[in-house]
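Trainee: Can we go through this one together? I'd like to start with the backbone and then move to the ligands.
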Amino acid sequence: MTRGTSRVVEGAAGATRIEIAASILDADLGSLREEIVRVAAAGADRIHLDVMDAHFVPNLTFGPRTIRAVRDATSLPFDAHLMTSQPGRFLDDYLDAGCDSITIHVEIAEALQPTLDAIRAAGRQAGLAVKPGTPLSALDAFRGDLDLVLIMTVEPGFGGQAFMPQAADKSAGARGYLRPGGRVHVDGGIRAESAGTAGALGADTLVVGSALWRSADMRHEIGRIRAIAEAGRSGIRPTFPA
Ligand code: DX5
Ligand code: ZN
């Protein structure tokens, strides 16, 4: 059961359109369904679900039951970013909750391949995430085998942090680990000021959280961030209204 997985949409100059995945971590979690409806209506392409277990990262958020509870709020793809130490142990719960992609961290001790295989066997997209300090070589065993590589440009655990450009440098090299049609997601600190750099360095999908929830006009912010990133990718110096 997969809803709209990564759509390869032709954008400028034949490149695929840069997608915006809205991270709900800094949304009003007391009105999560309404927030998802709002960000979907504002033009987000995907919903990014930051699951944290207070073990792999020093924060605790929500789990599969919350995801299931809001699954029918939108038909947009749900991307689960599991910042958890044992994603394989609870994988079926995330599959049953309706996640279209599931990304686990390469840094965990749990075996990765069985979980990646199980995600794909369920017809979903399987991804690996790397923290800022983790080199891409940590993914070498999975070269050409991933639907999604998530490049973290903040230390995982919290929204609202500053973008780490040196971490984004890995985006171009990440492409070599993808299956055909796979995408590079860049996650953390993405806002108007950093989107140009993220686009120039090779992001296909930008995960944006606090910049959306803090904006007075979410639709404008999504459009502005996407345009700046696409300009960055095509080498145009962005001159966009504030
Ligand atoms: C951090 C999460 C990110 C982050 C994005 O651990 O993985 O998705 O919340 O939020 P902003 O855009 O505020 O950095
Ligand atoms: Zn995330």
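Mentor: A cut-off to begin with: a residue counts as buried under 20% relative accessible area, as exposed over 50%, and as partly exposed in between. Keep in mind that this is a predicted model.

Trainee: Okay. Is Ala-54 buried, exposed or partly exposed?
Mentor: Ala-54 has a relative accessible area of 48%, so it is partly exposed.

Trainee: And where is Ala-54 found?
Mentor: In the loop between strand E2 (46-52) and helix H2 (64-70). Its phi is positive, about 60°, although Ala-54 is not a glycine. Most residues other than glycine have a negative phi.

Trainee: Switching to the metal. Which residues coordinate the zinc ion (ligand 2)?
Mentor: His-48 through NE2, Asp-50 through OD, His-81 through ND1 and Asp-187 through OD, at 2.1 to 2.3 Å. The site has 6 donor atoms and is octahedral, with angles of 71 to 176°.

Trainee: What are the ideal angles for six octahedral donors?
Mentor: They are 90 or 180 degrees.

Trainee: How are the donor residues spaced in sequence?
Mentor: The pattern is H-x1-D-x30-H-x105-D. His-48 lies in strand E2 and Asp-187 in strand E7 (residues 178-187), so this pair ties together parts 139 residues apart in sequence. His-48 is buried at 2% relative accessible area, and Asp-187 is buried at 6%.

Trainee: Now ligand 1. How many residues surround it?
Mentor: 20, and Asp-187 is among the closest. An oxygen atom of ligand 1 is 2.6 Å from a side-chain N or O atom of Asp-187.

Trainee: What about backbone contacts at Gly-189?
Mentor: A polar backbone atom of Gly-189 is 2.8 Å from an oxygen atom of ligand 1. Taken alone, ligand 1 exposes 380 Å², and the protein buries 100% of that.

Definitions and conventions: Residues numbered from 1 in each chain as written. Chains lettered and ligands numbered in written order. Predicted model: local features only at pLDDT ≥ 70, side-chain atom pairs only at ≥ 80, totals over all residues. Heavy atoms only, no water. Helix = DSSP H or I, 4+ residues; strand = E, 2+ residues; numbered from the N terminus. Buried < 20%, exposed > 50% of the residue type's maximum accessible area, 1.4 Å probe, protein only. Donors = N, O, S within 2.8 Å, 3.2 Å for Na, K, Ca; no water. Tetrahedral: all angles 85-135°; square planar, octahedral: opposite > 155°, others 65-115°. Near = heavy atom within 4 Å. Polar contact = N/O pair within 3.5 Å; in protein donor to acceptor, adjacent residues only side chain to side chain. Areas by Shrake-Rupley, 256 points an atom, 1.4 Å probe, with all protein chains shown as cover.
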